[in-house]
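Q: I am new to this structure and would like to learn how to read it, starting with the contacts between charged side chains. Could you take me through it step by step?

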Amino acid sequence: MLMTHMKRPSAPFYVQFELTEQCNNRCYFCYNPLGHIGGQEFDLPKIKDILKQLHDAGVFRINFNGGEPTIRPDFRSILEYATGLGFELHMNTNSTLITDDLAHFISLYMKSVCTSILHSNKEEHDRMTGRSGAYDDVIKGISCLRNNNVKVEVNVCTSTENYRDIYNIGKLISSLDCYALCSTRYILNDAKNKALLLNSAETMELIDSLLKVKNDFPNITDVSLPGPVPYCEIDKSYYEKLRILNIPCQYGYGLARISPSGNVTPCTISDDVMGNLNNDSFEHIWNAPTWEKYECLCHIPVPCRDCNEFHVCRGGCVVYDESINTLGVKIATKKWGVTSGQ
């Protein structure tokens, strides 16, 4: 049966709140391209005002993001205020600025955080983050967090440069007592980087490696693909494996992102601005008619909507495809009307 509509909730399930564009790393694949990072951020009174708006709108979970959120000198004040409003808090951090004192403070407000390791090899990780010493810093930061009983999940921006290192990364984070390994496939941010995109065979190899991590390291209790892979990108023999790993996307109906300049978009890597908090309230923006296109699934290719896997696949990561299409690179999958031979 052709699916034509998806109901949006009265408030997003959670909000990705980017506190700053500033970052001490310079990852070349970042969705905040180096030329765009200008250090934009709201001051503390405006941050508190936005948090109050989110509370009044019915949001219950916030993920602080950046840039690097811990780079703000008022980061602790933000956590204290957000907790006072009753939010469940989480954070994406590169962990390189985490000290034992800061980790103890974080433990008072968050049960877990997400960090990033790009390669198990120190030199390769530093090259990919654009900063010498980044590997040592993140390992130290993770250790501080775990010593203060903060659970740590590790996300890997996965490309042709590191997908074969996923198992080694799993082994490394198991030794650091991290509880989760997430693999998010590289989102194309520059056409010259298209060689970093995984093809079908490489994606299936990645799936096998993730499942081997899940099997071999029992203290890693959560292994996933939060940037979900469309089923039509892989052989049918891999469908059951993918069901174990894929996390369906909430793009356009259950998630909202607030940028450091106040733009509200459907996710952290979307350029579709639904409104700006300098001009309107969050509740007004969330209920604006501009979201109706997502309720009507206008962002999902028509071939997806009568697919037997749509209820679990939902087209995979929508922005993954959008970024490729926008930069003029062709996508050879059934969802785009192309027979890939799978």
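A: A salt bridge here is a side-chain nitrogen of Lys or Arg within 4 Å of a carboxyl oxygen of Asp or Glu, and by this rule the count comes to 18 salt bridges. The model is a predicted one, in which local features need pLDDT of at least 70 and side-chain atom pairs count only at pLDDT 80 or more, while totals for chains, interfaces and linings use all residues. Residues are numbered from 1 along each chain as its sequence is written, and side-chain values use heavy atoms, with hydrogens and water left out.

Q: Which residue forms a salt bridge with Lys52, and where do the two lie?
A: The partner of Lys52 is Asp56, with the closest N and O atoms 3.0 Å apart. Both lie in helix H1, 4 residues apart, about one turn of the helix; helices (H or I, at least four residues) and strands (E, at least two) are DSSP runs, numbered from the N terminus.

Q: What does the pair of Arg164 and Glu205 tie together?
A: Their side chains meet in a salt bridge of 3.0 Å, N to O. Arg164 lies in the loop between E5 and H6 and Glu205 in helix H7 (residues 200-216), so the pair ties together parts that are 41 residues apart in sequence. Arg164 is exposed, with a relative accessible area of 61%, whereas Glu205 is partly exposed at 30%.

Q: How should I read the sheet, and which strands stand at its edges?
A: Strands of a sheet pair through backbone hydrogen bonds, either parallel or antiparallel. Two strands count as paired if DSSP finds at least two bridges between them. In this model, 4 strands form an open sheet in the order E4-E5-E6-E7, with parallel pairing. Strand E4 (112-116) and strand E7 (222-224) stand at the edges, each with a single partner strand, so one side of each is left without a neighbour in the sheet.

Q: Which residues of helix H2 are buried?
A: In H2 (residues 75-84) they are Phe75, Ile78, Leu79 and Ala82. Seen down the helix axis, these buried residues fall within an arc of 100°, so they line one face of H2; the arc is that of the directions from the helix axis to the C-beta atoms.

Note on methods
Buried means under 20% relative accessible area, exposed over 50%, partly exposed in between (1.4 Å probe, protein chains only).
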